[in-house]
Amino acid sequence: MMKNKVKPNVTEMKKLFAIAGLIMISIHGYSQTQKIDSLIEVIDRHEGKINALDDRVLVNESDLGKLNKIKISGYIQAEFRNYQSGIVKTNDPYSTFLIRRARIKFTYEPLDGVKFVLQPDFSTGNLVLKDAYAVVNIPKIKDWTLWAGQFNRPNYEVEYSSGQREVMERSRVIRAIYPGEREIGVKLEYIGSKIPLKFQFAVLNGNFTGSQPIDVDTKKDLMSRLVYSVKLPQAGIGIDVGVNGYYGGTKAKANPFISRITGETDSVALGSYLKKQWMGGEIQIFADFLGGTAVKAEYMSGTNNFASLTGLTSTIAALKGDPNKERVFSGYYLYLIKNIGPRFQLVGRYDYLDPNTKTSGETSTTSELYYKTWALTTQYYMNDNIRISLQYEMPKNETNTKVPDDLKDNTLTVRIQAKF
Amino acid sequence: MKNKKIITIMLITVLMSTATGFSQAKITVKGSDTMVILAQKWAELYMKQNPATSVQVTGGGSGVGITALINGTTDICNSSRPMKQSEIEKLKARYNTLGVQIPCAKDGITIFLNEANKVEELTLKQLSDIYQGKIRNWKELGGNDAEIRMYGRENSSGTYTYFHDEVVKADYAASVQSLPGTAAVVNAVKKDVNGIGYGGAAYAVGIKHARVKKDTNSTAILPTAESIRKGEYPITRFLYMYLRNRPTGETKKYIDWILSEEGQMIVTDVGYFPYK
């Protein structure tokens with residue numbers, strides 16, 4: 001029986017295997033095709049999501065790009081002052097805490113070479129607009145910019161922000177001739193990228209003290225400054241030398257009285273201009289000698305005028321007892337600054353102002369005495385944002401029979417400055 | 001008498017406080033992305049040889065490095081462009097120095113083209129016109145009739161500023177795509193047949209370098225070691241290190257080593273050129 005065992009048909013077997021193989025392959029292929037199809041679906045779905053995300057990133061980038069054009073910076077200066085008895089302040093305080101500055105600066109740069117700046121000051125009871133100007137790079141003239149609005153007058157100490165300055169207040173001569181530091185007008189500025197030269201020329205209203213929105217006379221005041229920089233890199237020394245000048249005046253509109261240079265009161269024709277004209281020279285020397293060291297000095301002399309209390313308004317009657325004043329003045333300042341390590345500074349400043357060089361001693365009125373002032377300051381930069389300053393200021397005044405002694409007007413100040 | 005006391009107290013305060021200001025445990029280096037690989041190699045080798053010293057290197061761009069130098073958050077700033085006058089003024093205001101500029105390597109700004117691009121050479125004027133958006137089609141330069149797509153660096157980059165000041169000499173066209181780092185520029189040009197980019201030679205792998213001519217009558221020069229070292233390649237620049245003050249102590253030792261033969265060999269290894 002067993003002998004009759006049927007031998008398997010090889011051909012048929014091959015066919016069977018081939019069919020089985022085909023079925024297997026087709027099943028596998030079907031499953032593979034299904035997998036590929038579903039993978040394509042998944043990829044398509046994710047591609048859609050990625051494209052949507054791409055669009056959103058582009059929108060966000062565009063929004064962020066706009067925000068990057070706005071820069072906000074600012075600083076707060078909180079301080080404690082201890083006065084000597086000679087300058088007892090209102091309500092008799094010998095010492096006080098005060099907020100000297102609370103400023104926020106908004107800078108918007110919509111394009112390369114175009115900048116808008118707005119800076120209010122929020123210090124106590126004193127919301128004042130300090131800066132409001134536009135700066136434009138003049139097309140096709142490299143290194144030249146045009147400024148328009150309310151900005152610092154072009155002068156070294158004026159433009160040196162109190163956020164950076166090593167002594168707490170500007171020198172007396174600068175405070176006397178550039179009250180409030182700012183002016184309204186236009187300014188042309190050149191800062192050489194190839195030549196180490198800085199040139200500034202401004203046309204200004206000339207009578208700004210912080211509150212007049214418009215000029216009080218038609219003539220505009222002119223101001224210019226030229227600074228040349230010399231570098232001696234091997235010696236680690238840089239020297240900036242410059243000259244500056246002011247040419248302008250104030251119209252005698254309502255008050256026909258003027259206090260002449262020697263002090264006597266006189267009448268002037270209405271409409272005549274009282275001079276504001278002076279020249280100055282400046283030098284700043286920076287030396288890398290055991291750390292940073294700087295010597296800065298400026299001297300200026302000329303004629304300045306001071307409006308009477310009634311001089312700038314036409315509604316109050318002219319007073320002979322309250323005349324406009326025209327004075328020849330001179331003044332200078334000298335800083336010595338030494339950086340000690342990356343965080344400390346030791347500073348000494350001597351400044352001098354004679355508001356009326358034509359009078360001295362008995363002929364000087366109380367407001368026209370000369371002043372020589374020493375200020376000694378130490379600075380500690382806690383970090384990039386915080387600076388702590390300690391200063392002792394010692395003014396020494398001219399004496400006469402009205403002011404027989406040096407006034408007790410020294411001031412000790414401790415200040416904390418936070419900037420961002 | 002009272003004045004003297006106050007002044008004495010102020011002086012003592014300063015002297016006591018400054019005693020802590022001199023310690024410098026590590027050297028921080030920040031700035032140019034173009035120089036970051038070079039700076040890292042320098043730091044690695046120096047730390048191997050001087051295990052007691054830690055040198056920390058970060059990029060961010062020359063502008064970022066210079067800001068950090070002014071803010072006092074880095075000891076050394078790497079910059080692929082010279083400091084601007086406005087930046088020197090900030091250093092003067094804070095530290096009463098002009099800063100110290102140390103050229104430490106030379107680099108040629110390479111013009112990257114896609115390998116499929118028919119254009120082989122460009123004049124400085126043509127490059128300026130391309131990046132200002134005045135020349136917009138490769139056809140105007142002997143290439144295919146296709147729009148030119150420009151890639152460049154972000155405005156915090158020294159390469160951006162150097163290329164702007166020395167080549168474009170005007171505002172960049174708004175259509176230039178800003179990318180973070182020269183490697184990204186190279187990558188973009190690699191993928192884009194109609195792309196053009198610029199950057200340091202060290203990153204230029206796998207794409208074509210354009211020959212650059214000073215003007216139409218000059219010879220077109222390829223950015224090679226020889227042409228850059230000799231200053232023949234028209235867009236050759238120094239790479240700098242900046243410090244606030246003249247270096248002392250460990251920082252001086254590190255900088256001296258960078259400028260030594262050994263330090264300058266690394267410059268060559270990375271693909272830049274010795275400073276002298």
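**Notes on a predicted two-chain model**

1. Let's start at one residue. With 28 C-beta neighbours inside 10 Å, Asn96(B) counts as buried, because the cut-off for that label is 20 or more. Asn96(B) sits in the loop that links α4 and β4 of chain B. Its phi is positive, about 60°, even though the residue is not a glycine. Keep in mind throughout that this is a predicted model.

2. Now compare a residue on chain A. Leu290(A) also has a positive phi, near 50°, and is likewise not a glycine. You'll find Leu290(A) in the loop between β12 (273-288) and β13 (292-306) of chain A. Is Leu290(A) buried or exposed? Leu290(A) is exposed, since there are 12 other C-beta atoms within 10 Å, and the label applies at 12 or fewer.

3. Asn96(B) turns up again when you look at Phe286(A). This phenylalanine belongs to strand β12 of chain A, and with 25 other C-beta atoms within 10 Å it is buried. Which residues does Phe286(A) touch, leaving aside neighbours within four places in sequence? In chain A they are Ile237(A), Gly238(A), Gly292(A) and Ala294(A). In chain B they are Lys92(B), Asn96(B), Thr97(B) and Leu98(B). Tyr228(A) is 58 residues away from Phe286(A) along the chain, and their C-alpha atoms are separated by 14 Å.

4. That brings us to the contact between the chains. Chain B puts in 24 residues and chain A puts in 31. On the chain B side, the elements giving two or more residues are α1 (2-18) and α4 (85-95). Helix α1(B) has the largest share of that side, with eight residues. By type, the chain B side splits into eight nonpolar, 13 polar and three charged residues.

5. Next, the inside of the model. The largest nonpolar core holds 88 residues, and those with the most contacts inside it are Ile111(B), Phe112(B), Val189(B), Ile196(B) and Tyr242(B). Strand β4 of chain B, residues 100-113, gives the most to this core, with six residues. As background, nonpolar side chains tend to be buried together in soluble globular proteins.

6. How many of the eight residues in strand β11 (residues 236-243) of chain B are buried? Six are, so to speak the strand is mostly covered.

7. The spacing makes sense, because an α-helix has 3.6 residues a turn and residues three or four places apart point the same way.

8. Beyond four places in sequence, its contacts are Trp147(A), Phe151(A), Pro154(A), Gln200(A), Phe201(A) and Ala202(A). Thr145(A) is 42 residues from Lys187(A) in sequence and 8.2 Å away in space, C-alpha to C-alpha.

9. Last, a word on confidence. Chain A averages a pLDDT of 85, and 85% of the residues score at least 70. Residues 1-6 of chain A fall below 50 and have zero contacts in the model beyond near neighbours in sequence. Residues 311-317 of chain A also stay under 50, though the model gives them nine contacts beyond four places in sequence.

Note on methods. Residues numbered from 1 in each chain as written. Chains lettered and ligands numbered in written order. Predicted model: local features only at pLDDT ≥ 70, side-chain atom pairs only at ≥ 80, totals over all residues. Core = buried A, V, L, I, M, F, W, Y, C linked by C-beta atoms within 7 Å. Helix = DSSP H or I, 4+ residues; strand = E, 2+ residues; numbered from the N terminus. Contact = placed C-beta atoms within 7 Å. Nonpolar A, V, L, I, M, F, W, Y, C, P; charged D, E, K, R; others polar. pLDDT = per-residue confidence, 0-100.
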